[in-house]
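Hi everyone, thanks for making time this morning. Let me put the structure up on the screen, and then we can walk through it together.

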There are 2 protein chains.
Amino acid sequence: MNKKIVIVGLGLIGGSLAKAFQKYSECTVAGIDRNPDTLQAALDCGAIDKIGGDEDIRSADLLYLCLYPQADIDFIASHAHLIPPSCLVTDTCGIKSEICAHLPLLAKKHGFPFVGGHPMAGKEQSGFAASDADLFLDASYIIVPCGASQSAVDLLKAIAVELGFGGTVVTTPEHHDQMIAFTSQLPHVLACAYVMSPRCPEHNGFSAGSYRDVSRVANINEQLWAELFIDNRRALSEELDTLITNLTDMKEAVTKGDAEALRGLLRTGRLIKERLGE
Amino acid sequence: MNKKIVIVGLGLIGGSLAKAFQKYSECTVAGIDRNPDTLQAALDCGAIDKIGGDEDIRSADLLYLCLYPQADIDFIASHAHLIPPSCLVTDTCGIKSEICAHLPLLAKKHGFPFVGGHPMAGKEQSGFAASDADLFLDASYIIVPCGASQSAVDLLKAIAVELGFGGTVVTTPEHHDQMIAFTSQLPHVLACAYVMSPRCPEHNGFSAGSYRDVSRVANINEQLWAELFIDNRRALSEELDTLITNLTDMKEAVTKGDAEALRGLLRTGRLIKERLGE
């Protein structure tokens with residue numbers, strides 16, 4: 001594919017997208033970032049072909065928003081007049097209800113298509129320095145059409161395949177946010193809550209894979225994730241309630257020494273996992 | 001090292017120990033297991049040199065108990081009369097207070113040394129079929145001397161090095177159990193509680209590393225773990241209380257939309273993780 005891409009925000013996700021376009025496609029990439037050092041680093045390593053300006057937005061085929069949710073909305077609000085009707089705008093935010101309450105309206109008003117997107121890949125590091133052309137290999141790419149045309153959705157699907165994603169899923173903003181509250185947000189809350197145990201600082205020598213896995217994402221970017229959590233507060237609160245209830249049930253069985261109840265609860269978990277074939 | 005080893009219980013841990021002794025040492029291994037098929041499989045693949053009987057126990061240099069906690073105690077109670085004073089008995093249980101309340105007394109009574117041991121390695125599968133000579137590479141080996149001599153402790157340390165463990169830690173039963181409640185038991189409770197979310201069965205396409213990591217050990221052996229959890233009920237209940245309290249604090253900040261409080265809680269988690277250099 002040979003398209004003119006503009007990427008706004010060269011952090012972990014934007015930087016990785018830029019590198020993936022360079023490695024796996026014939027597209028040209030213009031990068032926009034508020035930090036001149038990041039732009040220079042991206043130019044120096046060939047992640048972007050040029051630093052993007054108004055002209056690049058005017059001639060873009062695709063514009064990827066890779067900022068925080070509110071910053072994505074603000075960027076489009078201030079640059080919508082530059083975006084041609086032939087340019088497909090998409091985002092990479094971890095939540096969708098908030099984004100999809102604003103961007104499709106702005107897109108309609110200014111006459112360009114918008115499709116929500118969420119590459120299900122990440123790392124416990126953030127920023128351009130952590131970006132990687134292969135970050136998305138085999139990952140799922142969630143597409144939230146928000147009323148856009150099938151051809152716009154198909155273009156994003158085709159790009160996802162070209163960049164090495166493992167598959168695409170199409171859904172609504174509400175279903176996306178409900179699922180992400182469980183699959184991604186809850187593990188991040190958990191990791192931070194877990195490492196707050198007074199035992200954590202002395203874990204070394206007493207820990208193995210289980211500790212490493214649960215604590216991995218505690219190294220969180222709290223500015224970004226606090227915004228994502230609060231934008232998705234209803235779904236995340238529901239997941240937290242469910243988890244706290246289940247943990248409390250297990251705690252009661254442990255405290256009482258009720259082996260039968262405890263085995264029953266653990267078996268429920270095991271059977272769910274087994275039925276998923278994992 | 002060239003010792004006569006008896007391994008009692010050829011599950012994941014016992015089987016892996018047998019294979020590691022074969023791969024990394026000159027020791028001979030006699031295996032004891034109640035399942036004749038397991039013994040045959042272990043013989044067929046060379047994990048054990050022979051099926052162990054009373055004579056092997058009488059001439060053993062080291063005896064590794066790799067059963068469930070109560071079964072380990074029962075085995076020694078019924079076989080202690082066979083164990084010579086020159087044979088070091090050790091176990092591989094995930095909890096130590098219970099084991100160390102019984103086995104050192106039996107050992108003293110019958111005149112052989114006992115040292116508690118806990119190889120900090122595992123897998124989400126169990127049984128001999130999942131055993132692996134390299135399971136312990138770089139893992140920590142926790143030693144709980146229970147009053148045994150320094151030379152007995154040193155022998156277990158030397159073997160751990162020979163089998164490829166990354167290091168050894170020496171501690172008390174109480175400290176071991178408190179640490180393990182956090183590093184190992186809590187993640188297993190969590191994994192089961194986590195997958196009980198109604199969202200779990202439809203996670204595919206919406207999940208990535210965070211889901212995989214938290215849910216990994218939900219595929220639990222509930223017979224074994226219920227026994228381990230209840231034997232360590234005080235420490236595990238305390239960890240569960242701490243975690244539930246921290247999750248509840250986070251949930252309240254999310255529900256209220258209190259970004260400042262939420263950032264503060266997440267920052268606390270991040271700083272703990274960063275200070276550990278992970």
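This is a predicted model: local features need pLDDT of at least 70, side-chain atom pairs count only at pLDDT 80 or more; totals for chains, interfaces and linings use all residues.

**A walk through the model**

Let's begin with a charge and a ring: in chain A, the charged end of Lys19(A) sits over the ring of Phe128(A), at 4.7 Å from the ring centre.

How are the two chains related? The same surface serves both copies, as 100% of the contact residues of chain B recur in chain A.

Now to the sheet. In chain A you will find an open sheet of eight strands, with mixed pairing and the order β3-β2-β1-β4-β5-β6-β7-β8. Which strands are at the edges? They are β3 (50-51) and β8 (167-170) of chain A, and each of them pairs on one side only. As a quick reminder, strands of a sheet pair through backbone hydrogen bonds, either parallel or antiparallel. Strands β5 (residues 88-91) and β6 (residues 114-119) of chain A run parallel and are joined by two bridges. If you want a landmark there, look for Thr90(A), which stands opposite Val115(A) in β6(A).

Helices pack against this sheet, and I'd like to show you two of them. Helix α1 (residues 12-24) of chain A lies across β1 (4-8), β2 (28-32), β4 (62-65) and β6 of chain A, and runs at about 160 degrees to β1(A). Helix α4 (residues 69-79) of chain A touches β1, β2, β4 and β5 of chain A, and its direction makes about 145 degrees with that of β4(A).

On to the aromatics. Over all chains, the structure holds 14 aromatic pairs. Take Tyr141(B) and Phe165(B): the ring centres are 5.0 Å apart and the planes are at 50 degrees, so this pair is tilted. Where do the two residues sit? Tyr141(B) is in strand β7 (residues 140-144) of chain B, while Phe165(B) is in the loop between α6 (150-162) and β8 (167-170) of chain B, so the pair links distant parts of the chain, 24 residues apart. Are they buried or exposed? Tyr141(B) is buried, with a relative accessible area of 4%, and Phe165(B) is buried too, at 9%.

Another tilted pair is Tyr194(B) with Tyr211(B), at 6.0 Å centre to centre and 45 degrees between the planes. Here helix α7 (residues 173-195) of chain B provides Tyr194(B), and helix α8 (residues 209-215) of chain B provides Tyr211(B), 17 residues apart. Both Tyr194(B) and Tyr211(B) are buried. Over in chain A, Phe136(A), Tyr141(A) and Phe165(A) form one aromatic cluster.

Last stop, a leucine. Leu106(B) is in helix α5 (residues 97-110) of chain B and counts as buried, at 18% relative accessibility, because the cut-off is under 20%. Which residues does Leu106(B) contact, leaving aside its neighbours within four places in sequence? They are Ile73(B), Ile76(B), Ala77(B) and Phe112(B). Ile73(B) is 33 residues away from Leu106(B) along the chain, and their C-alpha atoms are separated by 9.0 Å.

Methods. Residues are numbered from 1 along each chain as its sequence is written. Chains are lettered from A and ligands numbered from 1 in the order in which they are written. Side-chain values use heavy atoms; hydrogens and water are left out. Two strands pair if DSSP finds at least two bridges between them. Helices (H or I, at least four residues) and strands (E, at least two) are DSSP runs, numbered from the N terminus. Contact means heavy atoms within 4.5 Å. Axes are lines fitted to C-alpha atoms, for helices over the stretch in contact, and angles run from 0 to 180 degrees between N-to-C directions. Rings of Phe, Tyr and Trp (its six-membered ring) pair if their centres lie within 6.5 Å; planes under 30 degrees apart count as stacked, over 60 as edge-to-face and the rest as tilted. Buried means under 20% relative accessible area, exposed over 50%, partly exposed in between (1.4 Å probe, protein chains only). A charge sits over a ring if NZ of Lys or CZ of Arg is within 6 Å of the ring centre and within 35 degrees of the ring normal.
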